[in-house]
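Student: I would like to learn how to read features in a protein model, one step at a time. Could you guide me through a few of them?

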Amino acid sequence: MATEIFNKDTTIQLRKKHIGPSCKVFFAKDPIKIIRAKGQYMYNEKGERYLDCINNVAHVGHSHPYVVNAAVKQMELLNTNSRFLHDNLVQYAQRLTATLPEQLSICYFVNSGSEANDLALRLARQHTGNEDIITLNHAYHGHVSSLIDISPYKFLQLGKSAKKDFVHVASSPDTYRGQFREDHQDPATAYADEVKDILQEIHKKGRKIAAFIAESLQSCGGQIIPPAGYFQKVAQHVRKAGGVFIADEVQVGFGRVGKHFWAFQLQGEDFTPDIVTMGKPIGNGHPLSCVVTTKEIAESFMSSGMEYFNTFGGNPVSCAIGNAVLDVIEKQDLQGNADKVGNYLIELLNEQKEKHPLIGDIRGVGLFIGVDMVTDRVKRTPATAEAQHVIYKLKEQNILLSADGPHRNILKFKPPMCFSEEDAKFAVDKIDEILTAIEKATMVNTDNVESIAAENGACKRKMASYANEHSSEENGHHEHIHGNGAACGQHIVCSHDSHKVSCKRIRT
């Protein structure tokens, strides 16, 4: 049984004293102290259980005994660097590449998603001899300097001038809020044509493209599912211009989408990236990540004359853990579970959409699902305050959920892959109760959702009033500072759980 070293107040004070102030915690005014976890559940210092709906790092479940045993067993024998021969490294590379298209056959093991994406940029630039990168709006690819540069989710917080000349931002292929929506006859082509136009502008300026990089499904950008065919068309334009396609699977790989092992495979069998990056779930919480690419790109990287060496990348312990994670996914059919439970969760959420006008859109696949909350279904006005209210009320019910997206109005489901139908039902029932309470307080008539949406100016004002009333009741005020449509740099002060809580974005 896990025990505390310090009481909660002491832990908070020591954190304030010794940990950088930019390192935020969830629920800042009343943070949760977690001392152990098992499966899809986390436990605080009082032994209270929380249902974890957001932890895609503990992919096969927190503290999975098979993974833990594999780590301990190998640590008792040997841990060293990859300059020595060891079977764990080559076995893991063989198994990992077997899940990918045949041409993706060369691995570079590193220690985090950020390291993987940074290395992917190096590979692309060395192979093409070019520098420029096309990224998607609201994208997040990591915390190191090279990745902040290509992550609008981050650099826009510093102002528009923070964008580097070699970085070019294409629209997120969002068919709910974007320029080309679900009623467009071919949104994939329309969004891909924008990338084509950007490439032409790059060439006009005398520059050349190294890579297009995209999360296979945008996470921080609001659980965005690209329309089928988008990646194929983009890859065609990018390769014609001399660049490569990097698929960032750090958030969504390893069977999370259910139908496939990798999220980029949702685009179809005729699409293969040039480079794939992996992280987060790959080691079930152990620092492990990987870049997989083609033999041609790997040989270009070697031609620079510079050896690539990573002290901890591919060590025997990390590879033993990676192998164990693959074993559990297969033996417990967690990919199948993601498909089954994810479909059930989407079904439950769509039932709530019919009932609650605050829900504008349900989108996702497998156990990667977003609930887009709105105050106006016609205008699709983001319900930022209401989304924050929901996650804080869920915390009171011992359910951990987060909100993200450009407007922080998307409820994000990306739980451990052992998440069950019972867990899904429990979480959705609580969301139903919370939304019903909001509607009751604002006297929203849910009998005719569409008529509300069509004439909801008053409804919107009432919902905003509800959020503000609760803010003032609980802790004084609720303010929004909007920049570029409440983009990534926004700061929102929300009021929930009888506290004033800073809602600056924390990436999960």
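This is a predicted model: local features need pLDDT of at least 70, side-chain atom pairs count only at pLDDT 80 or more; totals for chains, interfaces and linings use all residues.

Student: In what order do the 4 strands of the open sheet lie?

Tutor: Strands of a sheet pair through backbone hydrogen bonds, either parallel or antiparallel. Here the order is β1-β2-β3-β14, with mixed pairing, where strands are DSSP runs of E with at least two residues, helices are runs of H or I with at least four, and both are numbered from the N terminus. Two strands pair if DSSP finds at least two bridges between them; β1 and β2 (residues 41–44) run antiparallel and are joined by 4 bridges, and K38 has Y41 of β2 as its bridge partner.

Student: Why is one side of β1 and of β14 left without a neighbour in the sheet?

Tutor: β1 (34–38) and β14 (399–400) are at the edges and have a single partner strand each, so one side of each has no neighbour in the sheet.

Student: At roughly what angle do helices α3 and α10 cross?

Tutor: Axes are lines fitted to C-alpha atoms, for helices over the stretch in contact, and angles between N-to-C directions run from 0 to 180 degrees. The axes of α3 (residues 87–97) and α10 (residues 316–331) cross at roughly 35° and come within 8 Å. The contact, meaning heavy atoms within 4.5 Å, includes Y92 and R95 of α3 and L326 and E330 of α10.

Student: Is S289 buried or exposed?

Tutor: Buried means under 20% relative accessible area, exposed over 50% and partly exposed in between, with a 1.4 Å probe and protein chains only. S289, which lies in strand β10 (residues 289–293), has 0% relative accessibility and therefore counts as buried. Its side chain reaches the backbone nitrogen of N111 at 3.3 Å, and a polar atom of that side chain lies 2.6 Å from the backbone oxygen of S112.

Student: Which residues of helix α8 are buried?

Tutor: In α8 (residues 230–240) they are Y230, F231, Q232, V234, A235, H237 and V238. Their cover includes β5 (132–136), α7 (187–204), β7 (209–215) and β8 (244–248).

Notes:
Residues are numbered from 1 along each chain as its sequence is written. Side-chain values use heavy atoms; hydrogens and water are left out. A polar contact is a pair of N or O atoms within 3.5 Å; within protein, one must be able to donate a hydrogen and the other to accept it, and residues adjacent in sequence count only if both atoms are side-chain atoms.
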